[in-house]
Structure formats: structure tokens, C-alpha cells
Amino acid sequence: MKLTFATTTFCILWVLRWKSVLAIVNPNNETAGIVIYLRKPNDIGPRSWNAGINCLETFSELYFQRREKLTRSLNIVSVQAYNLTTPAAQIQSGYLKHLNEVIGQNHTHRKYYQLRVISDAKVYSSGYLNGDGLVLADYYVIVLDNVRRLSNLLRRYMIPSISWNPGAKFLVLYHNASDRNRGEETAMEIFVEMQRAFAMRVAVLYATSATKYSLLALRYYHELRCRELIAQPFGQCDDGKLTPGTAAMKPILYKYFNAFNAKNCTFYLCASIWAPFVEADCINGIEMRLMGFLKERLKFKLNQTCSDDNRGVEDDSGEFSGLLGKLNKKSCDFIIGGFYPDNDVIEKFWVTDCYLQDRYTWFVKLADTRPIWLALCSIFDPIIWLSLIGMLFISWMFWYIFVSVLPEPKKFKDFSLTGINNLAVVICVSVNERPFCHASRIFFLALTLYGLNVSTTYSSKLISVLTDPGLMDQIDSLSEVVAAGLPFGGSEESRDWFENEEDQWIFDNYNDSLDFQPNSVNLEAVKIGKRVILSSRMYILQNKIADDLYAFKRNVFSSPVQMIMKPGFPFLIEFNLLIRRMRDSGIFEKINDDFRYNNTYLNRIHKMRPDFIVEMSPPSSWHYDFYPYTWVGAVSKYHVVT
């Protein structure tokens with residue numbers, strides 16, 4: 001009996017124990033995704049959760065500020081991770097509720113926010129939402145309990161999202177009771193993961209106790225040790241109160257995250273040799289002068305390399321070729337070379353504002369010179385002969401009428417003689433049989449002047465035809481190129497412009513091999529009529545073969561010239577600010593006009609006069625008034641390029 005009672009008691013206790021455990025992990029309970037560790041009461045109590053929420057709230061009000069002013073609503077992304085340990089899960093849930101309340105009640109000092117949520121519960125595909133016109137995220141809030149979870153969130157959920165923006169500000173709260181004494185080490189691990197995703201503006205709230213957090217920030221571009229990851233501590237948060245206080249923390253945060261300093265930083269520039277933007281010496285060129293200006297203004301150093309590589313395109317596996325491939329592999333910080341970003345590039349790279357514009361068209365062989373005898377035939381058009389004969393007949397009739405009606409001598413009234421005299425007058429040959437009456441003299445004086453004008457016009461036209469007989473029929477459309485059996489093509493990235501229903505026949509027959517790349521060797525083949533190449537007008541204009549090629553009058557497309565860089569590059573705002581100032585003050589327009597003047601008028605004068613050199617005045621004083629630093633693009637003498 002005692003054994004039975006003991007056995008029954010043990011079974012009841014065992015059932016009660018597992019009943020409580022099952023209640024904790026009940027899948028119908030809203031806390032089913034939480035793994036609970038039994039710690040001290042202050043580690044899992046509301047005080048610990050509220051301290052994390054308050055620190056996130058207080059710090060985000062200071063941290064979530066932008067350098068530029070926007071007219072649109074700011075976008076906050078809350079990253080929701082499942083299976084977080086307590087209290088990280090409670091902090092994540094509580095701060096999400098706080099965001100909804102703040103945005104719903106608009107307690108944000110007249111700043112409007114939009115809240116987005118990314119969760120690792122399900123991978124979102126682009127089919128859920130059309131990304132056209134979607135505004136990228138401005139701020140991210142991430143709550144973690146281990147670094148491995150951050151890597152998974154970035155790789156599988158955040159980066160593939162259509163609103164991903166590595167240039168946003170990231171606020172990471174890390175709370176794990178087992179890692180209380182690894183603040184800088186764990187922060188460095190977080191920064192390494194974020195830097196792999198090209199995110200540079202990262203702040204971490206690291207839990208050093210149940211209610212205390214250290215504030216650390218990623219420091220990558222700085223004066224002393226540029227391009228080196230540093231976990232920089234700059235404050236603490238204790239139960240929602242910042243140390244130093246809010247007033248002292250605000251300027252520190254602004255200077256730290258907004259005022260990036262590139263002094264003593266060395267950036268790697270990869271350029272494609274494409275005159276006039278980048279010359280073969282890797283020193284001259286319009287874009288190279290622009291880079292020199294930016295370098296001088298922002299005080300960074302530049303390591304530039306030039307090659308014949310093209311911009312590159314994306315293959316079926318998602319890899320980029322050319323300079324874009326080097327940019328993806330971090331061999332370059334930005335690339336130039338007269339590039340125009342298409343839709344595929346815009347989706348995966350950043351670009352600066354447009355600073356120049358280039359126009360593309362087809363270039364074909366210039367038509368052969370017309371033979372002189374054929375040119376002479378062109379000025380003797382049948383309608384010209386009919387007009388002269390008609391004029392001769394009318395003036396003949398008037399002469400005969402005048403000598404018959406007016407009291408002219410009898411010998412002038414012969415019909416054949418009036419015709420001969422009239423012909424002599426029309427071709428401006430003097431005759432002896434002049435009229436005696438004033439009326440007929442006035443008429444034939446006017447007729448003589450008319451004949452003199454006709455003969456002069458004819459003589460000048462005859463001289464121009466003999467000196468410049470003109471060209472034969474010129475190919476001026478792509479349909480004529482196809483009819484003539486000439487192959488056509490150009491660079492690989494330009495082919496995408498024809499991938500539409502109207503130009504599909506061009507896309508299918510477009511040749512993007514090396515023989516159709518715009519360069520001096522291939523242009524010689526265009527000159528002799530072997531192929532037709534699509535190229536930019538500015539590139540052909542600076543080439544010595546420009547006058548020997550014919551460009552279609554109609555442009556195929558016009559493209560902006562921009563600098564391409566990897567997303568997350570922190571100096572894009574500074575680059576754009578300087579580019580806008582130069583554009584608004586007319587400097588780019590002046591550079592463009594000087595280039596066209598130099599490569600049209602001056603080059604042609606130089607061909608006629610090899611010793612020709614023109615002196616140009618330096619830029620006016622308003623350039624220096626607007627920019628108090630040296631304008632590296634100014635020159636005092638133009639030597640004509642042939």
C-alpha cells in the first residue's frame with residue numbers, strides 16, 4: 001500500500017511538472033516562439049524590458065536625423081526576428097508597439113514616418129510588391145541576441161528586400177545575458193557583418209547589465225585610421241537616460257554620423273579610357289578634371305587606374321563584367337568613363353547627379369565624292385532650261401511689240417533681228433541695234449539687269465560645283481544600312497536600349513563583338529564602309545577621323561553621364577552637393593561649350609593651318625568668387641587636339 005501511494009504521488013507530481021512546461025511551450029500561446037532562460041528576477045522582469053525600450057526610444061530620437069531636408073515621409077524599418085531569447089524578444093515587441101503608437105498619434109514634432117516590418121518568419125519575394133517608385137528605407141531598428149542571427153537576417157531577408165538601403169542609419173540593440181562582458185568584441189563582429197553589406201552608419205546599444213547599455217558606433221572613414229573598422233564608444237544609457245545627457249549627446253551624434261571626414265583617406269578610382277571624358281594618359285579628360293576638383297575640395301587622396309575595360313553588364317548568374325565587376329569585388333570605390341546607368345545598374349549600384357549629357361547615334365561611311373560631270377548635270381536641270389527658254393520667248397515678244405508699235409527705225413522691225421537682239425541682251429552681250437524710244441530703252445535696261453543677275457548666279461554656282469562637286473547619295477537611316485547589307489552594332493551595354501517591341505529587329509541583329517566597340521581601329525573600318533557603329537557624338541567629335549564619318553542626324557538616345565559607386569558610399573551627398581553647385585553656376589555648360597568649340601572650329605582651322613594656336617582668356621572672376629578654392633579645370637591656353 002505504501003508503495004502504491006508513493007507511486008501515485010510521483011506520477012501526479014510528474015504530470016504537474018510537464019503540464020507547466022507544456023503551458024510554456026504551448027504553440028497556441030503568443031509566446032510560443034520565445035526561448036526562456038531562468039535568470040535572476042531583474043533579468044526577465046518588466047524593468048529589464050522597459051529599460052531596453054526606453055533606451056531605444058531616447059537614443060533613436062537623437063540618432064534618426066538626416067543631413068538633407070526631404071519633403072517626403074521618412075521610412076523606418078523594424079526588423080522582427082523570431083525565437084529571440086528573453087528579454088530581447090520583449091524589447092523587440094515593446095518597441096514595435098511604441099513605434100505604432102508614436103506614428104499613429106504623430107508625436108514626432110511634425111515629422112511624418114512610415115513604418116515597415118521585415119520578418120524572418122517568411123522570405124518575401126519581389127512578387128508581393130511592385131518596386132517601381134518605392135522609396136528606400138531611411139532607418140533600421142534591429143534587436144539581437146547573437147551575431148549569427150544578424151548575418152542570417154541580412155543575407156536572407158533585408159538585402160533581398162526591394163526597399164533595402166545600405167546608406168540608411170542602422171540602430172542595433174544587443175541583449176544577451178551571456179555576453180555582458182564582450183561589448184567591443186561583439187560590436188566589432190556586428191560592424192564586420194554590416195560592413196560586408198556596405199552599411200557604414202551603424203550604432204549599437206550593447207547590454208552590459210539588465211538595465212544598462214553601452215553606446216558604440218562603427219567608425220570606418222576617419223582622419224587617423226581611414227578604412228579601418230573601429231568600435232568607438234561614446235556614451236551609456238541607464239534605464240532610458242543617456243550619459244552624457246541629451247543636449248550634450250546631440251552634437252556628438254551629428255558630428256559622428258553626418259560630418260564624415262575623408263582627410264587622409266585614399267579612394268580607388270577605376271576609369272575606362274573614353275575620350276573626351278578620360279584620356280589615355282589617365283590624367284586629362286573632362287571627368288578626370290571633375291575628380292580632381294572633388295579631391296581638392298574634400299581633401300581625400302586618389303589612386304586612379306585606367307584601362308580599356310567597358311562599363312560591364314549583368315550576366316544570367318547575376319555577376320557583372322567589366323568595371324562593374326571590379327566595383328562589386330571592392331577593387332574600386334567608384335568608376336567613371338562616360339557611363340550612363342541603365343535600370344539594371346540603378347537597382348544594384350548608386351550614381352551621382354548628372355553632370356554632363358552625351359548623345360548617341362549611328363556612324364557610317366561618308367558618301368563618295370560626286371564626279372564633276374555629274375555635278376554639272378545637276379545644275380542644268382530641265383526646269384532651269386525651260387525657265388530660260390520661256391523668259392527668252394517672253395522678252396522676244398515684248399521686243400517685237402515695242403519696235404512694231406513704237407516709232408523705231410524700220411530696220412529694227414525685222415522679226416529675226418529682234419530675236420537675236422533679245423538673246424544678246426539676256427546673256428548680257430552688248431549689241432549695236434539699241435532702241436531709240438525711251439520706253440523701250442527703259443524696259444530693256446531692266447531686262448539687261450535681270451540677265452546680269454542670272455548670269456552672275458549661274459557663274460557662282462558653276463564655280464562652287466567645280467570646286468566642291470558634293471557627295472553621292474548618303475545612307476541616313478538604319479533601314480538603308482540593312483538594305484545595303486552592312487553589319488551594325490556597338491558596345492554591349494548600349495544594346496539594352498533596343499529591347500522593346502518597336503526596335504526588336506535592331507536588338508536581334510545588333511552585334512556587340514569587339515569589332516564593333518567604338519575605338520580608332522574600328523572607326524577606320526567604318527570609314528571604308530565595312531561596318532556601322534553606334535557611338536557617342538562627343539567621342540567621335542574629338543577623334544581625328546570625325547570629318548571622314550557621317551553621323552545620322554537623328555539621335556538614337558541621349559544619356560546622362562554619371563559616376564557609379566557601390567551602395568552605402570558615405571560621401572555621395574558631398575559629391576552631389578558640389579556637382580549641383582557647379583551645374584547651377586554654369587561651369588559644366590562652359591566646359592561643354594569649350595569642348596565643342598575646340599573640336600569643331602579650332603580643329604578645322606588647325607588642319608588648314610598646322611601652326612595655328614589660339615590664346616584663350618582664363619575663367620572670369622565669378623568662378624573664384626563662387627568657389628574660394630582653386631578651380632582645377634581652368635586653363636589659360638587651348639592647344640588644338642587632332
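Strand S15 (residues 532-536) is mostly covered, with five of its five residues buried, where buried means under 20% relative accessible area, exposed over 50% and partly exposed in between, using a 1.4 Å probe and protein chains only. The model is a predicted one, in which local features need pLDDT of at least 70 and side-chain atom pairs count only at pLDDT 80 or more, while totals for chains, interfaces and linings use all residues. Residues are numbered from 1 along each chain as its sequence is written, and side-chain values use heavy atoms, with hydrogens and water left out.

Back to S15. In a regular strand the side chains alternate between the two faces of the sheet. Here, Val-532, Leu-534 and Ser-536 point one way from S15, whereas Ile-533 and Ser-535 point the other way, and all are buried. Strand S13 (residues 356-365) runs antiparallel to S15, the two being joined by four bridges; strands are taken to pair if DSSP finds at least two bridges between them. Within that pairing, Tyr-360 sits opposite Ser-536 of S15. Strand S14 (residues 488-489) instead runs parallel to S15 and is joined to S15 by two bridges, with Phe-488 opposite Val-532.

Zooming out, the protein chain has 21 helices and 20 strands. Of the 642 residues in the protein chain, 44% are buried. Among contacts between residues at least 6 apart in sequence, 72% join residues at least 24 apart, a contact being heavy atoms within 4.5 Å.

At the S8 end, strand S7 (residues 230-238) pairs with S8 in the antiparallel sense over three bridges, and Gln-236 stands opposite Thr-243 in S8. Axes are lines fitted to C-alpha atoms, for helices over the stretch in contact, and angles run from 0 to 180 degrees between N-to-C directions.

Another open sheet has five strands, ordered S10-S9-S11-S18-S12, again with mixed pairing. Strand S10 (301-307) and strand S12 (350-351) each have a single partner strand at the edges, so one side of each lacks a neighbour in the sheet. Strand S9 (residues 266-272) and strand S11 (residues 334-336) run parallel and are joined by three bridges, Leu-269 having Phe-334 as its bridge partner in S11.

As for helix packing, the axes of helix H3 (residues 46-63) and helix H7 (residues 246-257) come within 9 Å and cross at roughly 55°. That makes H3 oblique to H7; angles under 35 degrees count as roughly parallel, over 145 as roughly antiparallel, 65 to 115 as roughly perpendicular and the rest as oblique. From H3, the contact draws on Phe-59, Leu-62 and Tyr-63, and from H7 on Thr-246, Met-249, Lys-250, Leu-253 and Phe-257.
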